[in-house]
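Here is a short briefing on helices, strands and ring contacts in one structure. Please keep the model open while you read.

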Amino acid sequence: MHEHEVPTHVQAEDHVLLWFTFPQIVALTAVAALAYGAYSLAPFGPAGVRVALAILIGLVGTAAIVGKIGGRRLPLVVADLLRFWLGSRRYAGTSAELGRSEPPPPPPPTPNPLQLLAKRTRRGLRRLRKKRRRSGRKPFRAHGRLGKRLFRRRGESGAGHRVDIRSLGRRMGYALLAASIGVTTACGVMALASQPASADGHDQWFEEEVLTPESVPGQRLFLERLTVYGDRAGFALRAATDLDVQVRAYGGDDGQTLVYQAKESLFTGERRSWDVPLDGDFPSVTVSWQDGFGEAGAFGLEGAQLPHPLPTVEGELCSLSMTSLSWSPGRIEGGIASTCVTNVEERVELPVVSGHHTESVTALIEAAVSGLSGTLMVTSGAYSTSVALVPDGNTAFRLSIESGAGIQGVSIETALEATTTSPLPALVELTHHPERTEQLTETASVTIPAFGDTVTETITVTGEDGTPVVHSVTASCHVPQSIVRQDVVFTVIHEEHVRAEVVARAPLVRARSESLALALSVASDDPYAALGSQEPEEEEPLPSTQTAVDPEVLQWLLGIINGQ
């Protein structure tokens with residue numbers, strides 16, 4: 001007959017009954033026992049409540065044992081979700097802890113047939129010892145524990161009636177059984193959750209010794225530039241080894257909508273730039289990589305690492321808005337756009353009347369702004385610099401900082417100074433005059449104009465013969481113009497009164513200052529360093545040792561070999 005050996009390292013499940021494996025059958029049995037124990041031993045509620053509790057325990061246990069999501073068992077999915085919800089989203093250790101400084105050790109040599117034979121021999125000896133122990137005499141056990149002593153006398157001197165303790169012992173036994181079943185089920189579920197999934201989606205049900213290569217230390221991907229401008233972000237990455245890089249940008253209302261995706265392959269020392277959109281109020285960028293050593297990793301830019309939206313601040317003299325912010329190893333650069341006003345309203349306590357009566361009003365007077373100047377003080381940690389502000393333009397700044405991974409906080413203080421000129425309205429001055437009497441003598445002059453007149457009359461004269469004769473007589477008179485002067489004395493009474501006079505005023509000139517502040521942060525990374533691997537250390541060979549074998553065991557081994 002041909003002999004066939006089934007390899008034990010194959011990740012396959014043996015279906016014992018229907019489509020259930022042996023561990024699943026054991027776990028289902030434990031769940032069924034736990035449900036029955038809850039139904040029969042639960043000290044609360046009617047039978048319907050206990051039946052519902054038993055059904056709930058059975059359904060939950062069966063779903064945890066048999067159910068799968070995406071080819072993975074429910075305990076594994078729950079464990080991954082708990083790690084995702086409760087674990088840290090970002091690695092808080094150093095980059096050296098993510099890898100190892102030496103290549104993986106070579107796999108151990110394959111054991112020779114003699115070693116396998118010795119291993120099987122030891123296993124057979126252990127089985128023989130167990131059989132001998134089972135066939136021997138059982139140890140003595142007193143009857144007062146769980147055996148024949150069914151009654152116990154009550155009372156100090158032994159008098160009194162006997163009490164049946166069988167029901168009490170039965171309850172204690174049920175309680176111990178339920179507790180053991182619960183512990184067994186919990187251990188089974190924890191074992192299922194702790195088993196890692198294999199590469200093909202099946203669970204590893206066999207405890208095999210898996211040789212996993214150790215990590216190669218060092219940082220694979222370095223962030224060498226991060227720029228945020230408007231609704232976009234640009235960043236440059238440099239690979240320390242050959243990598244497959246995938247870039248994703250998320251946005252939307254909830255910050256979880258994929259708005260950009262790109263894949264690139266980078267060689268050692270190669271630098272590549274990406275320009276991604278920043279969408280929504282909570283944008284984020286995730287960069288994942290996989291190298292040739294079989295290792296993978298990822299990092300994200302969000303929140304304080306990614307300044308979005310860029311801040312703005314409004315003042316009375318100028319409004320400032322950051323147009324861009326860029327980080328690169330050793331420096332922070334950016335630009336601030338300023339929009340300044342030419343006219344501003346000044347609050348003035350303005351006197352409108354002075355003199356006999358005084359009155360003032362609070363007025364907002366439009367003033368012309370001139371001589372505007374400002375200074376930007378950019379600070380990040382212990383480093384600071386100052387830049388002159390460009391009114392109605394873009395002011396660029398550059399700050400040298402120390403290189404290193406982290407979050408760089410940037411604060412910008414702006415001091416503005418200007419001169420305002422406000423034209424003031426005229427001032428009314430009032431003068432009080434009391435009552436007084438005044439005697440005035442004035443010479444009155446009267447001019448008599450020239451006057452002349454001509455008078456003509458008709459006269460009838462009777463002649464000697466009695467005939468009337470008519471005669472016309474004309475007479476003229478003329479009076480020349482004359483001026484008559486006469487001194488006149490009269491009294492004038494002046495009543496009490498106030499006289500007003502309008503006086504022009506000079507414009508109001510003031511010096512005005514203002515302070516504006518901006519604050520934000522940006523992510524930074526360590527300087528680029530090439531990824532190097534150390535040569536494996538030569539291990540000294542272990543000295544060979546000889547072990548003495550019992551003569552009986554040696555004879556048994558020889559008998560097995562001769563029998564074959």
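On one side of helix α2, Leu59 and Val60 are exposed; exposed means over 50% relative accessible area, buried under 20%, and partly exposed in between, with a 1.4 Å probe and protein chains only. This is a predicted model: local features need pLDDT of at least 70, side-chain atom pairs count only at pLDDT 80 or more, and totals for chains, interfaces and linings use all residues. Residues are numbered from 1 along each chain as its sequence is written, and side-chain values use heavy atoms, with hydrogens and water left out.

**Helices**

- Helices (H or I, at least four residues) and strands (E, at least two) are DSSP runs, numbered from the N terminus.
- Helix α2 covers residues 47-66, which is 20 residues. Its span from first C-alpha to last is 28 Å, close to the 28 Å expected at 1.5 Å a residue. The expected span is 1.5 Å times one less than the number of residues.
- The residues Ala54, Gly58, Gly61, Ala64 and Ile65 of α2 are buried. Down the axis of α2, its buried residues fall within an arc of 135°, so they line one face of the helix. The arc is that of the directions from the helix axis to the C-beta atoms.
- Helix α1 covers residues 22-41 and also has 20 residues. It reaches 28 Å from its first C-alpha to its last, close to the expected 28 Å.
- Buried in α1 are Gln24, Ala27, Ala30, Val31, Ala35, Gly37 and Ala38. Their arc around the axis is only 160°, which puts them on the same side of α1.
- Phe22, Thr29 and Tyr36 are exposed on the other side of α1.

**Four-stranded sheet**

- Strands pair if DSSP finds at least two bridges between them. Strands of a sheet pair through backbone hydrogen bonds, either parallel or antiparallel.
- An open sheet of four strands runs in the order β10-β9-β12-β13, with antiparallel pairing.
- Its edge strands are β10 (257-266) and β13 (296-302), each pairing on one side only.
- Neighbouring strands of this sheet are turned by 15° against each other on average, direction ignored. The axes are lines fitted to C-alpha atoms, for helices over the stretch in contact, and angles run from 0 to 180 degrees between N-to-C directions.
- Nine bridges pair β9 (residues 243-251) with β10 in the antiparallel sense. Arg248 has Gln261 in β10 as its bridge partner.

**Strand β15 and its partners**

- Strand β15 spans residues 318-328 and is joined to β7 by four antiparallel bridges. Val228 has its bridge partner, Leu325, in β15.
- Three bridges join β14 (residues 312-314) to β15, again antiparallel. Glu314 is the bridge partner of Ser319 in β15.
- β14 and β15 form a hairpin with three residues between them.
- 10 bridges join β15 to β16 (residues 331-340), and these strands run antiparallel. Trp327 stands opposite Ile332 in β16.
- The hairpin of β15 and β16 has two residues between the strands. In this hairpin, Gly330 takes a positive phi near 95°.

**Aromatic pairs**

- The structure holds two aromatic pairs. Rings of Phe, Tyr and Trp (its six-membered ring) pair if their centres lie within 6.5 Å; planes under 30 degrees apart count as stacked, over 60 as edge-to-face and the rest as tilted.
- Phe222 and Tyr528 have ring centres 5.4 Å apart and planes at 70°, so the pair is edge-to-face. Phe222 lies in β7 (residues 221-229) and Tyr528 in the loop between β28 (508-524) and α6 (551-563), so the pair ties together parts that are 306 residues apart in sequence.
- Phe222 is buried, at 4% relative accessible area, whereas Tyr528 is partly exposed at 24%.
- Phe235 and Trp274 have ring centres 5.8 Å apart and planes at 20°, so the pair is stacked. Phe235 lies in β8 (residues 232-239) and Trp274 in β11 (residues 271-277), so this pair ties together parts that are 39 residues apart in sequence.
- Phe235 is buried at 2% relative accessibility, and Trp274 is buried at 5%.

**Charges over rings**

- A charge sits over a ring if NZ of Lys or CZ of Arg is within 6 Å of the ring centre and within 35 degrees of the ring normal.
- Arg238 lies over the face of Tyr528, at 3.8 Å from the ring centre.
- The charged end of Arg50 sits over the ring of Tyr39, 5.7 Å from its centre.
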